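Hi there,

Here is the structure I promised to pass on to you. Please open it alongside this email, and I will walk you through what turned up.

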Amino acid sequence: MISELETPYSRTTFPNPNHCAIELENQSIRAIITDRQQQLDATLHDISSLETVIDKINHLHRQLTEQKDKIISSITLHKRLVSPLWRLPTEVLSHIFVHCLPQDKYLLPAWKLAPVLLTKICRRWKEVAVGTPSLWCRLNASSLPIKSLEKVPFCLDLWLKRSRGCLLSLKLITSSYFLGPDSTELRSLLQPYINQISSLHISNYMPCDHYEPLLKDLPALQELIVGRSLPKQCFSRLPPTLRNFKLIHGLLGDLLSPSCEPVWANLTNVDINTYHPSKFLHLLRICPNLCSLVIHVESGDETGIFEPLVHIKIQSLRIIIDQSLSYIGISNPLPGLLNALSLPSLRTLEVCGVPWPHKEFKSFLTRSNCPLETVILGAEAKMRRKQRAECVALIPSLEVLVSQSKE
């Protein structure tokens, strides 16, 4: 094709005066230009025709691709109809979905995790998942994967509506960045579900006095975890249904005052911090139904002598004592505590942060005559082989373990 376009002038860089004056017999420069224009017009027409054909082919390709997708969708649908999973009764599928939930206490509303993931598979799975209230009873609302904070109320309400009256376990964050300057807006969002809340974990991102709107009138509350100490008035109004209480940061303060004692009397599981060991013993006195206690002692006592105390129900006791006490000249309070305590129902004892008081522990075992099964020791509370043998002699089935905790 290129060679057909060659002329005597194709390789001429600059006009040659001699050539310009020459008239060819059958072809002039003007005739060449006219001929080339005709060739260009014909070529452009061919390109346009070809593009029309290509457009038709592309359109046909799109139609066939769409038809292919519809055929695949139809095949998939009909395969489901003969699949045993598709024919499972709704009640069975719902039960399977419950076992798909993560083991976390509070569920993250992430689209890659159940229950949200179960609503993304197919229409029937979504209907079953949304219609299974037990899938929506646990929520970690402190980690909502939402870029816009304006969507938080909608997402929170959508999740909780699906619980349909079941008891709720909620973990909330209450910073001003999250839901306004106080907790009133969050309380209004939770108001339709107040009678369902049985477990509530409130993070420590708000002033103590802002807890009260959230904790007011919770008739089904059984467990409360708070980031910092509550005002006495707020704690004293907690419902009689409360059984578990955990204080992550801060000390008991005035929560041991007489007005709070009715709340303590109903508790069975407690995890708290205290400054004086004597507060620990006082707590046992006002918690007659306590079965499990985790206590962080952050100071010692000058005398190390405490009034004797018998607690007949406690079965699990974990004592964590601030390791820095020995560096500032404060005596280890654990020997004095063991000398004062008698725990006839104790099955598990864990000690962290201080050396092991073997003599006092043997006396405690003899005095308590408890069915102790396990002793867990922190890195500082080392028990020698001879001491372990003496303990096993008192309780042959006793198991002594070493904790890997960094407490």
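Predicted model: local features only at pLDDT ≥ 70, side-chain atom pairs only at ≥ 80, totals over all residues.

Leu50, Val53, Ile54 and Ile57 together make a nonpolar surface patch of about 360 Å². One of these residues, Ile54, sits in helix α2, which covers residues 29-82. Ile54 has a relative accessible area of 39%, so it counts as partly exposed, since that class lies between the 20% limit for buried and the 50% limit for exposed.

Now to the inside. Searching the whole structure for cavities of 30 Å³ or more gives one, and the largest cavity has a volume of about 30 Å³. Which residues line the largest cavity? They are Leu172, Leu190, Ile194, Ile197, Leu200, Ile202, Leu214 and Leu218. By type, this lining has eight nonpolar residues, with no polar and no charged ones. Strand β3 (residues 197-202) supplies the largest share of the lining, three residues.

Last, have a look at Tyr211, which lies in helix α8 (residues 211-215). Is Tyr211 buried or exposed? Its relative accessibility is 0%, so Tyr211 counts as buried, the limit for that class being under 20%. Tyr211 and Pro231 are 20 residues apart in sequence, and their C-alpha atoms are 8.5 Å apart in space.

Happy browsing, and write back whenever you like.

Best wishes

Conventions:
Residues numbered from 1 in each chain as written. Heavy atoms only, no water. Patch = residues over 30% accessible without salt bridge, like charges linked within 9 Å, V, L, I, M, F, W, Y side chains within 5 Å. Areas by Shrake-Rupley, 256 points an atom, 1.4 Å probe, with all protein chains shown as cover. Salt bridge = Lys/Arg side-chain N within 4 Å of Asp/Glu carboxyl O. Helix = DSSP H or I, 4+ residues; strand = E, 2+ residues; numbered from the N terminus. Buried < 20%, exposed > 50% of the residue type's maximum accessible area, 1.4 Å probe, protein only. 1 Å grid on protein atoms, 1.4 Å probe; cavity = no way out; pocket = protein on both sides within 12 Å on 5 of 7 lines; lining within 4 Å. Points joined across faces, edges and corners; volume = space filled by probe spheres on them. Nonpolar A, V, L, I, M, F, W, Y, C, P; charged D, E, K, R; others polar.
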